[in-house]
Amino acid sequence: MYEGLKIANMYTLSETIAEELLSSVTYPWEVLPKIGEFIKKLGPTLSEEEYEYRGDDVWVAKDAVVFPSAYIHGPAIIGKGAEVRHCAFIRGNAIVGEGAVVGNSTELKNVILFNKVQVPHYNYVGDSILGFKSHMGAGSITSNVKSDKKLVVVHTGEGNIETGLKKFGAMLGDCVEVGCNSVLNPGTVLGPNVNVYPTSSVRGYVPAAHIFKAQDRIVKKEA
C-alpha cells in the first residue's frame, strides 16, 4: 500500500550523501527528526581533502561557492560544487547536495537537498526533502506547520497517512518542477517528474509523471 510514496519509488538514493539515512526507513518524512544527528555523525568522517570544517558542526566542500553574506548554522553539510548565494539563510539540520543551488534570500531548515537541486530565488524550504534535480521556481515555498497546529496527515487516493509530525513541509521526488509563487502545504508529497503550475496551492499526494494544474485538475503527462 502507498507504493508511490515509498523512498524506493521517489528517489535515486545514489544522488545524496544521506543515502544511508534514507535507506533506513520506508517513507521519506520518517527521517525528518533524524537529520541533525545524522549530520553530526557523518560530518567527521568526510574527507579533509575535500571538506573544510568551519566549526559548530558545519562542513563545507572546498570547491563549493558560499557568498560572504550567506549564513550557515550547524549542523550542516554543503556538498561539492554547491552554490550558496547572497543572503541565503541556512538555519541548521541541512544537507545541500553536490551541485545544488541555494539562491539569494532563500531559507532552509531541517532539509535534505539531493544533488543538483535548485532553490534559487526567494524560497523557503523547511522540514522537507527535495529529490535529484528537483527545482522550485522563484518565490515558491513549503509551508511546514498547519494553521491549527495539529499533526500533519498525508492525503492520498488510497487513504490518509498519519505522520505523527507537527512540522512537515513537502517531499519532492526526483526531477520535480514547482512553478513560481506556489505554496506546498503541510504534508504535500510530489512523485518523480511532477510539474506544478505557477501560483498553485498544493496539498496531498500527486503521483509520478502528473501535472498539477489545480487541486481538482491533476492530469497524467502524455507519453
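Biologist: Which residues does Thr16 touch, not counting those up to four places away in sequence?

Modeller: Leu22, Ile112, Phe114 and Asn115. Touching, or contact, means heavy atoms within 4.5 Å. Keep in mind that this is a predicted model, where local features need pLDDT of at least 70 and side-chain atom pairs count only at pLDDT 80 or more, while totals for chains, interfaces and linings use all residues. Residues are numbered from 1 along each chain as its sequence is written, and side-chain values use heavy atoms, with hydrogens and water left out.

Biologist: Why is Thr16 called buried?

Modeller: Buried means under 20% relative accessible area, exposed means over 50%, and partly exposed is in between (1.4 Å probe, protein chains only). Thr16 has 8%, so it counts as buried.

Biologist: And what makes Val66 partly exposed?

Modeller: Its relative accessibility is 21%, so Val66 counts as partly exposed. Val66 lies in strand S3 (residues 65-66); a strand is a DSSP run of E of at least two residues, a helix one of H or I of at least four, both numbered from the N terminus.

Biologist: Which residues does Val66 touch, leaving out those up to four places away in sequence?

Modeller: Arg54, Val60, Ile72 and Val84. Val66 and Val84 are 18 residues apart in sequence, yet 4.7 Å apart in space, C-alpha to C-alpha.

Biologist: How many aromatic pairs does a search of the whole structure find?

Modeller: Five.

Biologist: Why is the pair of Tyr11 and Phe114 called stacked?

Modeller: Rings of Phe, Tyr and Trp (its six-membered ring) pair if their centres lie within 6.5 Å; planes under 30 degrees apart are stacked, over 60 edge-to-face, the rest tilted. Here the centres are 5.0 Å apart and the planes are at 20 degrees, so the pair is stacked. It links distant parts of the chain, 103 residues apart: Tyr11 sits in the loop between helix H1 (7-10) and helix H2 (19-23), and Phe114 in the loop between strand S10 (107-113) and strand S11 (118-121).

Biologist: How do you know that Tyr11 is buried?

Modeller: Its relative accessibility is 6%, so Tyr11 counts as buried. Phe114 has 0%, so Phe114 counts as buried too.

Biologist: Which residues do ring pairs link into a cluster?

Modeller: Tyr27, Trp29 and Phe168. Leaving aside neighbours within four places in sequence, Trp29 is in contact with several residues, including Leu5, Val154, Phe168 and Val189.
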